[in-house]
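This report covers helix packing and the pocket. Please look at the structure first.

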Amino acid sequence: MAYSLNNKIFALLTLLLLCFNCKNETEAKPTEEKKEKPELIMHKPSEMANFMNGMYAYNMQIKQQIINGEIPASMPLDLMKLHSAEMSNGHARTPVWNSFVNVFIESQQSVVDTLSNVELKERYNTTINNCLACHKTECTGPIPKIKKLLIQ
């Protein structure tokens, strides 16, 4: 009987402790003024950014074809758009950028060159390395994404 009474007393004390120790957080906090959240503005990618995303998707397909032992037959992209596509804000075509673009176009076209004596994987990786070289000097953001295109 004493054991049961001790348990009841212990339970009652625990319950009282919990009730009196809990703070009412709504009373303790001063009322905070709600800050207005800034209006979100949807970013619209530039023509160049869209074209670069298209090139990424195309090269990802080419990578998979090469891994599967297939030979890419054609290049559906108009690489000359690199010379005319609207650039993202804050970016402009510089002489350095133009030289990178010309080298890239040549290397991208060499990937589908069936008469080349250079191994396909090497031609493809050269193209991707040209992307990386340009992006190291111009727009560095997509470098980690571009590195995923390399065939190890």
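## Pocket lining

H3, helix H4 (95–111), H5 and helix H6 (143–147) each supply at least two residues to the lining of the largest pocket. Helices here are DSSP runs (H or I, at least four residues), numbered from the N terminus. H3 gives the most, with seven residues. The pocket holds about 550 Å³ of space. Its lining counts 26 residues, and those closest to the centre are Met48, Met52, His135, Cys139 and Pro142. By class, the lining has 18 nonpolar, six polar and two charged residues.

A pocket is found on a 1 Å grid over the protein atoms alone: it is an open set of points where a 1.4 Å probe fits, with protein on both sides within 12 Å along at least five of seven lines, and lining residues have an atom within 4 Å of a point. Its volume is the space filled by probe spheres set on the points, which are joined across faces, edges and corners. Ala, Val, Leu, Ile, Met, Phe, Trp, Tyr, Cys and Pro count as nonpolar, Asp, Glu, Lys and Arg as charged, and the others, Gly among them, as polar.

## Model and conventions

The model is predicted: local features need pLDDT of at least 70, side-chain atom pairs count only at pLDDT 80 or more, and totals for chains, interfaces and linings use all residues. Residues are numbered from 1 along each chain as its sequence is written, and side-chain values use heavy atoms, leaving out hydrogens and water.

## H3 against H5

Helix H3 (residues 47–67) and helix H5 (residues 120–137) have axes that come within 11 Å and cross at roughly 155°. Therefore H3 is roughly antiparallel to H5 (over 145 degrees; under 35 counts as roughly parallel). Axes are lines fitted to C-alpha atoms over the stretch in contact, and angles run from 0 to 180 degrees between N-to-C directions.

The crossing of H3 with H5 is left-handed, with the near helix turned anticlockwise from the far one by less than a right angle. H3 brings Met52, Asn59, Ile62, Lys63 and Ile66 to the contact, and H5 brings Leu120, Lys121, Tyr124, Ile128 and His135. Contact means heavy atoms within 4.5 Å. The residues of this contact are six nonpolar, two polar and two charged.

## H4 against H5

The axes of H4 and H5 come within 9 Å and cross at roughly 165°. So H4 is roughly antiparallel to H5. The crossing of H4 and H5 is left-handed. Among the residues in contact are Trp97, Phe100 and Phe104 of H4 and Tyr124, Cys131 and Cys134 of H5. The contact of H4 with H5 has 11 nonpolar, six polar and one charged residues.

## H3 against H4

The axes of H3 and H4 come within 13 Å and cross at roughly 30°. That angle is why H3 is roughly parallel to H4. The crossing of H3 and H4 is left-handed. Met48, Met55, Tyr58, Asn59 and Ile62 of H3 meet Trp97, Phe104, Gln108 and Val111 of H4. This contact has seven nonpolar, two polar and no charged residues.

## The loop at Leucine 77

Leucine 77 lies in the loop between H3 and H4. Leucine 77 touches Gly54, Met55 and Tyr58, not counting residues up to four places away in sequence. Leucine 77 and phenylalanine 51 are 26 residues apart in sequence and 9.0 Å apart in space, C-alpha to C-alpha.

How values were computed
Angles under 35 degrees count as roughly parallel, over 145 as roughly antiparallel, 65 to 115 as roughly perpendicular and the rest as oblique.
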